[in-house]
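Work through the exercises below with the sequence and the model side by side. Try each task before reading its solution.

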Protein chains: 2
Amino acid sequence: MSKQKKKQKVKKPKPRIFSGFRDVFSEDILLRQRMIDTIRRVYEKYGYLPLETPAIEYVDILGKFLPESTTPQGGVFSFRNPDLSEKAQPDDPNTWLALRYDLTAPLARVFAQYVDIQRPFRRYQVGPVWRYEKPGPGRFREFYQFDFDSVGTSSMAADAEICCVICDALAALGFSEGEYMVKVNNRKIMQGVLEVCGLADLEISESSQAMTVLRAIDKMDRLGLPGVIQLLGKGRRDESGDFTEGAHLENEQIAKIEQYLGSRAESRDEVCRGLFELVKDSEVGRKGVAELQEIDSFLSALGYNGKQVEFDPTIVRGLSYYTGPVFEGVLTKEIKDESGQVKQIGSVFGGGRYDDLVKRFTGQEVPATGASIGVDRLLEAMRSTDNSSCRKSTADVLVTVMDKKCMADYFKLAQEIREAGINAELYLGNGNIGKQMKYADKQEIPLAIIIGSDEFEKKEAQVKDLNLGRKLSEEILDREEWREENPAQQSISRSELISKLREMLG
Amino acid sequence: MSKQKKKQKVKKPKPRIFSGFRDVFSEDILLRQRMIDTIRRVYEKYGYLPLETPAIEYVDILGKFLPESTTPQGGVFSFRNPDLSEKAQPDDPNTWLALRYDLTAPLARVFAQYVDIQRPFRRYQVGPVWRYEKPGPGRFREFYQFDFDSVGTSSMAADAEICCVICDALAALGFSEGEYMVKVNNRKIMQGVLEVCGLADLEISESSQAMTVLRAIDKMDRLGLPGVIQLLGKGRRDESGDFTEGAHLENEQIAKIEQYLGSRAESRDEVCRGLFELVKDSEVGRKGVAELQEIDSFLSALGYNGKQVEFDPTIVRGLSYYTGPVFEGVLTKEIKDESGQVKQIGSVFGGGRYDDLVKRFTGQEVPATGASIGVDRLLEAMRSTDNSSCRKSTADVLVTVMDKKCMADYFKLAQEIREAGINAELYLGNGNIGKQMKYADKQEIPLAIIIGSDEFEKKEAQVKDLNLGRKLSEEILDREEWREENPAQQSISRSELISKLREMLG
């Protein structure tokens, strides 16, 4: 077959990305990198250790804890184990693999698998997770989580520490007191409320009706109390006409839950007292209140006040594996979205205690607690507040190329600048000097060096300050004056070049 | 159904990991983190920008360029697109998805997809890639790559820069001149050799016979010249009796290739002259030599000598998409493996020019070049040389708990230490003080603080230096003396605690 024919046969693939996935470019990555480094330092300050688990796990390892676990795929990307033949036993637990949907299930697997792990095991992990959900604006199927957990400790000091870490991390990122808040609740108290409502059979982790109740409460933020009450009852029809089936509770039960949801007060202690009154007839409920009281005692001793960490009965968290305290780190600072509308960023950290997750594997109870950052949401928050500005270039200087014959000299100059600790990019394209300036401008590189054969002879270099240039060109109306003086560009002797560049970069 | 029965029904999953995958623990991650940060700083020094692409791509986007692409799965983990029904057209290019097997194919996709990307586009990307291969010792199906590439430039300055970056990165990691080397060759010269052998029809990127020739040469390191010659001829039977089919070249052709493989010399310039003699009758061959000469001119101007970057005709690289210069960064420092045997680490960087990869999508030629680090192999090298030592803990101090009633006080002390910039872990387990010391020792935490009710009253703290303690306990034979004096443990007043901790940590 001739080459010509062969080439015609191959259809060119269309460059495209799978739905719900995205490419991330330098500006966002540089900012995220800085954010992750900052948070990592906080985690390490408390002694958390890094762990990394694979992207792929056996499906039965991951379990079904996602709110979406009612879909056929259980909310995960799963596929057949290619090591096994198609004729493998359908009940072989090794038949199906999946991409991890969080970092907690793999942590439980690790803890169950390696007997020599020291307890308590404080670990952090950062990485992408994958969920097979319907994608939407700001809702991706691949996203980063950054978790920290204490495994093997039932002490409420561990849960208090989770609150401290969330506060410290948000403070380290530049959010000040009053701009963030950690909200805490306890699944045991919720269980207690279900019991005093006469719904004692509904163990949260197993019953779907209990989860329906919890998920109704979880929508408090978005739907308000009336919407929640509809979902606790027969159900709710939204504006688009879609109907969501309710939990079908009786009016009396709904009233009790309404009372529970209203248990809010100025101080953590007061909230505890109110909740105690409500669930005092339930053993598990009383235990939940006692846990919150213990957390309060630690936080108060450490000086984390009620404006930093509050107890909020409406906090639920969607995952079904939580068994005790649940946490939500919320940004209360208001931001403007693209259309200029004021909105709140909301939850950026989430977590809770999950004492039964390792038990799934070993039968042995291994208490554990932790939280996870929604990296992307926090990144969006960082971008829309003034806490961060990040340019998209890594280069401080662009070494432009006037005369391609002198390429080795430009290369040497760039190397010299790098050796002085300044990031320097050598222009490698084909554009003329105008195009090269435009490139530096688009890439947001602060300085450009221009050397023609004249300057090589005179041992000089022209340095252009692109930020100043942009600023001046906005201010100056007289284009003639601009062209003649060009104050953003100056001639510098080669011997002074490095020190001048340092000075201009500040 | 009663709860009892329900619980019995669920079979406990066995905690296990999918074959070829692994968990990575703190010591390795902390070292890798430091390594990646160091390399990133080098990449950024040259102005490379970070990019991140998804783990999942459409199969046709990735293409088939892997040496393993003869297996049914083409060496990748692929699965059906769950968005499409099972009845989807079999020739719908959206039917199959796969986990990326490298970071180059996605880069080409990105460049083809976004028209507004500035050219040349220097980007770096770090992340896991997945290959469906037979796992083996040190051979995993999930591993990290850390790439840097220049897309949109045909200038050999870009290829020379790749060599500089590899040298600079290895130097930044602590390897000195003579411990590493960048080896460079050119696929065009290989093409030229095939032409002068009368194998002009074999275009490397498309013909499998040409790739068989290349892959035979690629085994030079492992099999030596005799083995390569067998693979160029009829084939080779290895010690285990397995037969590898050869390229079936004639003796005369093999002799020519043997001459090519012997084209080695002291200086880069001399190698070029030798290769020129060999391929002077081939246009593409001459072009290849000219490219190497241009790279040499840049490197020589910059002072990268022949011991840092050498031209080596035996360098091939396995991927079929290379079209020009190919690179290999090699560690020549000898290390001892676990059994004490001296061995060379070998290749840790690999790459080359791939001018046709974007063209696959757009039809438009977009020249590009780059290289990739084998992160895990480099990490192994770092570990087995003395270039790095990394403890596995992040905490500098363990605050032990003698009296659980005083938990809030221990918590406050830990917080105080953290505020002074020292990483402090609060013990959250149930062990007695002996067990807590053992924990600190196992976790390699340098210092432990012990405060009992006595010390609380006297405003004192016992600080134990665990490193010193380990050292002393190895030296001191008289256990009595040890117990009485315990020189690794000292009593410090609370007011001096922080400054003393700083001093002890150095």
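**Exercise 1.** In which sense, parallel or antiparallel, do strand 7 and strand 10 of chain B pair, and over how many bridges?

Start with the ground rules. This is a predicted model, in which local features need pLDDT of at least 70, side-chain atom pairs count only at pLDDT 80 or more, and totals for chains, interfaces and linings use all residues. Residues are numbered from 1 along each chain as its sequence is written, while chains are lettered from A and ligands numbered from 1 in the order in which they are written.

Step 1. Find the elements. Helices (H or I, at least four residues) and strands (E, at least two) are DSSP runs, numbered from the N terminus. Two strands pair if DSSP finds at least two bridges between them.

Step 2. Read the pairing. Strand 7 of chain B and strand 10 (residues 309–311) of chain B run parallel, with three bridges. V184(B) faces F311(B) of strand 10 of chain B as its opposite residue.

Step 3. Look at another partner. Strand 7 of chain B also pairs with strand 11 (residues 325–336) of chain B, in the antiparallel sense and over seven bridges. Here N185(B) stands opposite V326(B).

**Exercise 2.** How many residues of strand 7 of chain B are buried?

Step 1. A residue is buried if 20 or more other C-beta atoms lie within 10 Å of its own, exposed if 12 or fewer, and partly exposed in between; C-beta atoms are placed from the backbone.

Step 2. Count. In strand 7 (residues 180–186) of chain B, seven of seven residues are buried.

Step 3. Sort by face. In a regular strand the side chains alternate between the two faces of the sheet. One side of strand 7 of chain B holds Y180(B), V182(B), V184(B) and N186(B), the other M181(B), K183(B) and N185(B), and all are buried.

Step 4. Move on to helix 6 (residues 187–196) of chain B. Eight of its ten residues are buried, so the helix is largely enclosed by the rest of the structure. Among them are R187(B), K188(B) and I189(B). Just after helix 6 of chain B, G198(B) has a positive phi of about 80°.

Step 5. Compare with a residue of chain A. L225(A) sits in helix 8 (residues 220–232) of chain A. L225(A) is exposed, having 12 other C-beta atoms within 10 Å.

**Exercise 3.** In what order do the five strands of the mixed open sheet of chain B lie?

Step 1. The order is 15-14-16-17-18 in chain B.

Step 2. Find the edges. Strand 15 (424–426) and strand 18 (489–493) of chain B each have a single partner strand, so one side of each has no neighbour in the sheet.

Step 3. The twist averages 25° from one strand to the next. Angles run from 0 to 180 degrees between N-to-C directions, and axes are lines fitted to C-alpha atoms, for helices over the stretch in contact.

Step 4. Zoom in. Strand 14 (residues 397–399) of chain B pairs with strand 15 of chain B in the parallel sense, over three bridges. V397(B) has A424(B) as its bridge partner.
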